[in-house]
Amino acid sequence: MRLLYLIDSLAGGGAESVLANLLHYLAEHEPQVECHVATLYPTPEKSLAGKNFPVHCLDLPSKYAGSGAARLVRFLRAEHFDLVHVHLFPANYFAAWASLRVTDVPWIYTEHSMWNRRRRFLALRALERIIYSRFERIVAVSESVARSLIQWLPSVGPKVRVIPNGVLLPPGYPNRLPGSVGDRATILFVGRLEYVKGVDVLLRALAALPPSVTLWLAGAGAQRAQLEQLADTLGISDRVKFLGFRTDVQQLMIEADCLVLPSRWEGLPMVVLEAMAGGTPVVASAVGGIPEVIEDGVTGWLVPPEDPASLAQALITALGDSDRRRRICDAARARVAASYSIDVMAQRTLALYAEVLGQSVASQLASRSEM
């Protein structure tokens with residue numbers, strides 16, 4: 001089976017991370033599957049360290065370059081693939097238009113988020129209905145993502161399949177426990193510095209915590225200057241470290257005492273799964289697919305979005321009781337191993353491919369018999 005994965009780039013982010021995990025897993029465990037990747041835009045080579053799959057770049061001159069679909073069509077006609085699996089916008093739009101020209105291969109799309117800016121405009125619903133109709137199956141990374149998509153586009157309901165993101169499970173996790181909130185403690189945020197991630201809420205929560213608690217912000221984004229100003233206004237600038245985009249997130253998780261994700265909306269964030277797999281306690285907003293993974297007080301701590309006071313209290317709890325924190329970390333790791341490992345995700349994904357390819361072959365044979 002020869003597969004093509006189409007994505008904007010592999011430069012960073014949750015979708016890119018889960019795809020990279022899947023590709024490495026298939027290369028190692030499924031030798032009969034040949035995987036290729038096509039990116040719309042150039043990807044820094046450092047992000048592909050140890051890659052064992054060919055990466056082709058369509059090299060679009062801009063994000064919405066009109067030549068995108070044509071370049072994809074030319075590439076697909078020069079190569080042969082049994083199936084194309086697409087991730088993210090605008091790759092899904094280019095793929096939908098290309099599918100009108102390349103009709104001998106099935107197309108699958110993965111929906112990673114429960115909301116996007118396009119859904120602000122009802123006029124785009126008709127266009128999106130056409131775009132999504134071009135895919136034989138649509139993978140939703142959580143039940144909440146599936147419900148949100150079907151609410152936006154009811155016609156896609158029969159095509160939607162839920163396959164949660166999968167992470168690599170470390171062989172173990174460091175035998176370290178953070179001190180109580182009275183000691184020096186470090187909380188970690190990993191993600192884009194954008195409105196959706198709720199970092200402003202986190203800064204207000206930090207201002208209510210003891211001065212001994214510091215915050216690491218690992219990520220880049222348009223709101224950095226605004227967040228730096230907010231930290232200064234709140235009088236906590238000396239307790240906040242803006243680390244920028246980092247490639248050593250796993251090490252940061254080991255060094256931090258707690259991961260916090262105060263998002264306003266989410267799909268199924270990889271950073272939460274990675275922290276749970278590695279033994280880092282997690283405090284997160286009860287949005288999107290997060291409550292499907294975290295049971296409050298059992299595998300982590302959940303708080304309402306937009307609520308700095310509740311977030312501060314949850315962080316105090318997460319940093320306070322060492323024995324309870326250990327139990328929660330153990331339960332979280334077991335939860336990820338059972339339902340959110342890359343092994344589970346890969347096998348469910350391959351089963352979906354078999355389903356689609358089986359129906360595709362049957363359809364082709366039927367059409368030939370009618371000729």
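**Aromatic pairs and the parallel sheet**

Arg 264 lies over the face of Tyr 195, 3.9 Å from the centre of the ring. I will come back to Tyr 195 in a moment. Please keep in mind that this is a predicted model.

Let me start with the rings. How many aromatic pairs does the structure hold? There are seven. One of them joins Tyr 64 and Phe 89: the ring centres are 6.0 Å apart and the planes stand at 50 degrees, so this pair is tilted. Tyr 64 comes from the loop between strand 3 (55-57) and helix 2 (68-78), and Phe 89 from the loop between strand 4 (83-87) and helix 3 (91-99), so the pair ties together parts 25 residues apart in sequence. Are these two residues buried or exposed? Tyr 64 is exposed, at 53% relative accessible area, because the cut-off for exposed is over 50%. Phe 89 has 23% relative accessibility and counts as partly exposed.

Now back to Tyr 195, which forms a tilted aromatic pair with Trp 265, at 6.3 Å centre to centre and 55 degrees between the planes. Here Tyr 195 sits in the loop between strand 8 (185-190) and helix 6 (199-207), while Trp 265 sits in the loop between strand 11 (258-261) and helix 9 (270-278), so this pair ties together parts that are 70 residues apart in sequence. Tyr 195 is partly exposed at 44% relative accessibility, and Trp 265 is partly exposed at 22%.

Together with Tyr 64 and Tyr 93, Phe 89 makes up one aromatic cluster. Phe 89 also has a charge over its ring: the charged end of Arg 118 is 4.1 Å from the ring centre.

In what order do its seven strands run? The order is 3-2-1-4-5-6-7, in an open sheet with parallel pairing. Strand 3 and strand 7 (160-162) are the edge strands, each pairing on one side only. On average, neighbouring strands are turned by 25 degrees against each other, direction ignored.

As one example of the pairing, strand 1 (residues 2-7) meets strand 2 (residues 34-39) in the parallel sense over six bridges. Within that pairing, Arg 2 stands opposite Glu 34 of strand 2. Helix 2 packs on the sheet and touches strand 1, strand 2, strand 3, strand 4 and strand 5 (107-111). The direction of helix 2 makes about 165 degrees with that of strand 1.

Note on methods: Residues are numbered from 1 along each chain as its sequence is written. This is a predicted model: local features need pLDDT of at least 70, side-chain atom pairs count only at pLDDT 80 or more; totals for chains, interfaces and linings use all residues. Side-chain values use heavy atoms; hydrogens and water are left out. Rings of Phe, Tyr and Trp (its six-membered ring) pair if their centres lie within 6.5 Å; planes under 30 degrees apart count as stacked, over 60 as edge-to-face and the rest as tilted. Helices (H or I, at least four residues) and strands (E, at least two) are DSSP runs, numbered from the N terminus. Buried means under 20% relative accessible area, exposed over 50%, partly exposed in between (1.4 Å probe, protein chains only). A charge sits over a ring if NZ of Lys or CZ of Arg is within 6 Å of the ring centre and within 35 degrees of the ring normal. Two strands pair if DSSP finds at least two bridges between them. Axes are lines fitted to C-alpha atoms, for helices over the stretch in contact, and angles run from 0 to 180 degrees between N-to-C directions. Contact means heavy atoms within 4.5 Å.
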